[in-house]
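Please look at the sequence and the structure before reading on.

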Amino acid sequence: MEPEDRVARTMDLQEDIAAKVEIIKKNAENELSLLPQGEDVPVDAEKFKEELIRITKYVEDLQKKVRIECDHFSEDVKFWAEYKTGIKEFTPWLNQAESASTEGLSKPADLPEAQALADKVHGFQKSCVDHLKVLETAEAAANKMTTH
């Protein structure tokens, strides 16, 4: 699942949880008006109150955790874009480099040809080093993501 989809799903989940929190708040208000308050509360009413408190705490904790995960996934969208950009830049070069490597090198007949060949090889080496940096940057972006 791509990070954009994760963000969308966690945002939907946040909306669902927010709706449940509203229901719980209404139930807490009803509990105050319906059940006896104070020290002489029947056992079954006290159990209901404790259960409502437990559920409220659980849902609020869940809401906080989902919010944190949504923030992480939002960050992942940025890192995912950096990763994809690096791969888009690297892949065409890799295909071209593989094709160039299968062509092989011709034996130079004289000094100018040898110098041209040396320049070609050094140029290819520099290109490899430059594109390794692109690949390492993409890897760094991928490693910053919270999920892989």
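## Terms and source

A residue is called buried when its relative accessible area is under 20%, exposed when that area is over 50%, and partly exposed in between, using a 1.4 Å probe and protein chains only. The model is predicted: local features need pLDDT of at least 70, side-chain atom pairs count only at pLDDT 80 or more, and totals for chains, interfaces and linings use all residues. Residues are numbered from 1 along each chain as its sequence is written, and side-chain values use heavy atoms, with hydrogens and water left out.

## Overall form

The chain has three helices and zero strands, where helices (H or I, at least four residues) and strands (E, at least two) are DSSP runs numbered from the N terminus. Read from the N terminus, the order of elements is α-α-α. The radius of gyration of the chain is 31 Å, well over the 15 Å that the globule rule gives for 148 residues, so the chain is more spread out than a compact globule. This radius is taken over C-alpha atoms, and the globule rule is 2.2 Å times the number of residues to the power 0.38. Along the principal axes, the C-alpha atoms fill a box of roughly 105 × 20 × 20 Å.

## Surface, contacts and charge

Of the 148 residues, 20% count as buried. The accessible surface of the chain is about 11000 Å², and carbon and sulfur atoms hold 58% of it; such areas come from the Shrake-Rupley method with a 1.4 Å probe. A contact means heavy atoms within 4.5 Å. Among contacts in the chain with a separation of 6 or more, 76% are between residues 24 or more positions apart.

The chain carries 20 positive and 31 negative charges, and their mean positions are 1 Å apart. Lys and Arg count as positive and Asp and Glu as negative, while His and the chain ends are not counted.

## A residue in helix 1

Threonine 10 lies in helix 1, which covers residues 3-34. Threonine 10 is buried, at a relative accessible area of 10%. Leaving out residues up to four places away in sequence, threonine 10 touches Val66, Cys70 and Phe73. The side chain of threonine 10 also reaches the backbone oxygen of valine 7 at 3.0 Å.

## Residues in helix 2

Helix 2 spans residues 43-103 and includes alanine 97. Alanine 97 is buried, with 6% relative accessibility. Between alanine 97 and aspartate 44 there are 76 Å in space, C-alpha to C-alpha, for 53 residues in sequence.

Lysine 49 is also in helix 2 and counts as buried at 12% relative accessibility. Apart from neighbours within four places in sequence, lysine 49 is in contact with Glu31, Leu35, Pro36, Gln37 and Val41.

Glutamate 60 is another residue of helix 2, and at 36% relative accessibility glutamate 60 is partly exposed. Glutamate 60 and valine 21 are 39 residues apart in sequence, yet their C-alpha atoms are 7.4 Å apart.

## A residue in a loop

Serine 106 sits in the loop between helix 2 and helix 3 (111-144). Is serine 106 buried or exposed? Serine 106 is exposed, with a relative accessible area of 55%. Serine 106 and leucine 117 are eleven residues apart in sequence and 8.4 Å apart in space, C-alpha to C-alpha.

Terms used:
Charge placed at Lys NZ, Arg CZ, Asp CG, Glu CD. Polar contact = N/O pair within 3.5 Å; in protein donor to acceptor, adjacent residues only side chain to side chain.
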